[in-house]
Amino acid sequence: MSKKIRLIVEIIFLFILPPFLLLLGWLPLNGGLLIGGLGVGGMLAFRFLVKSGLKKKEIWGREGFFSSWWFVFVRFLFLGVLLTVTARVFFPESFLSFPRKNVRMWLMVMGLYPFLSALPQELIYRSFFFHRYRMLLSPFWLFVMSSFLFAHLHIFYWNGIALSFALIGGVLFSHTYVRSRSLLLVWFEHTLYGCLLFTVGLGRFFYHGAI
């Protein structure tokens with residue numbers, strides 16, 4: 001079996017099958033197990049990157065962070081206002097309901113989400129994916145596949161809003177990574193949007209406790 005075929009099979013088994021198995025109920029759909037799986041996957045992805053010869057400072061990409069953070073932040077200001085208005089207009093019953101009704105849980109999510117969810121996802125779908133499959137896919141298809149597979153990860157939620165937001169997020173985060181090659185920056189960006197979604201009432205499409 002050629003190396004390209006092995007990499008294609010690897011993508012199928014690592015990125016395509018697991019969300020389908022969760023959707024079909026063939027893997028346990030449990031919040032703790034999902035977070036644990038992401039954590040293990042993130043650690044393995046980081047270990048692979050280091051063993052492949054990348055230095056830790058190259059993986060984190062501090063230079064890319066400091067050169068591009070302003071672009072990410074300005075874009076977030078615009079899209080963040082748009083998300084907030086969307087939540088207020090179309091979902092008024094749940095607008096700000098999470099921090100208002102369960103402030104302790106909201107604070108816990110704000111503190112843990114960046115480390116337990118956003119960071120491992122960016123390690124796997126940006127740093128690992130772009131490095132591991134750079135010999136298989138062109139830069140354009142790396143971008144497309146990273147965005148699509150990130151959205152595909154959320155298919156087990158089985159609602160169009162979660163998938164739409166995940167696809168938009170995948171495009172934004174992949175664009176940021178291509179521009180900066182900074183895990184630190186895409187982690188920061190993912191955290192901004194994720195925490196905003198949970199705060200304004202849209203997080204309920206991803207986590208039923210966020211109401």
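Modeller: Begin with patches. A patch joins residues with over 30% relative accessible area and no salt bridge; like charges are joined within 9 Å, nonpolar side chains (Val, Leu, Ile, Met, Phe, Trp, Tyr) within 5 Å. A salt bridge is a side-chain nitrogen of Lys or Arg within 4 Å of a carboxyl oxygen of Asp or Glu. Accessible areas use the Shrake-Rupley method with a 1.4 Å probe, and for residues only the protein chains shown count as cover.

This is a predicted model: local features need pLDDT of at least 70, side-chain atom pairs count only at pLDDT 80 or more, and totals for chains, interfaces and linings use all residues. Residues are numbered from 1 along each chain as its sequence is written, and side-chain values use heavy atoms, without hydrogens and water.

Biologist: Which residues form the nonpolar patch on the surface?

Modeller: Phe66, Trp69, Trp70, Phe73, Val74, Leu77 and Phe188, with about 710 Å² of accessible area together. Helix α4 gives the largest share, 6 residues. Helices are DSSP runs (H or I, at least four residues), numbered from the N terminus.

Biologist: Is His154 buried or exposed?

Modeller: Buried means under 20% relative accessible area, exposed over 50%, partly exposed in between (1.4 Å probe, protein chains only). His154 has 9%, so it is buried. Trp70, in helix α4, has 45% and counts as partly exposed.

Biologist: What is His154 in contact with, leaving aside neighbours within four places in sequence?

Modeller: Contact means heavy atoms within 4.5 Å. For His154, the partners are Gln121, Leu163, Ala166 and Phe206.

Note on methods: Helices (H or I, at least four residues) and strands (E, at least two) are DSSP runs, numbered from the N terminus.
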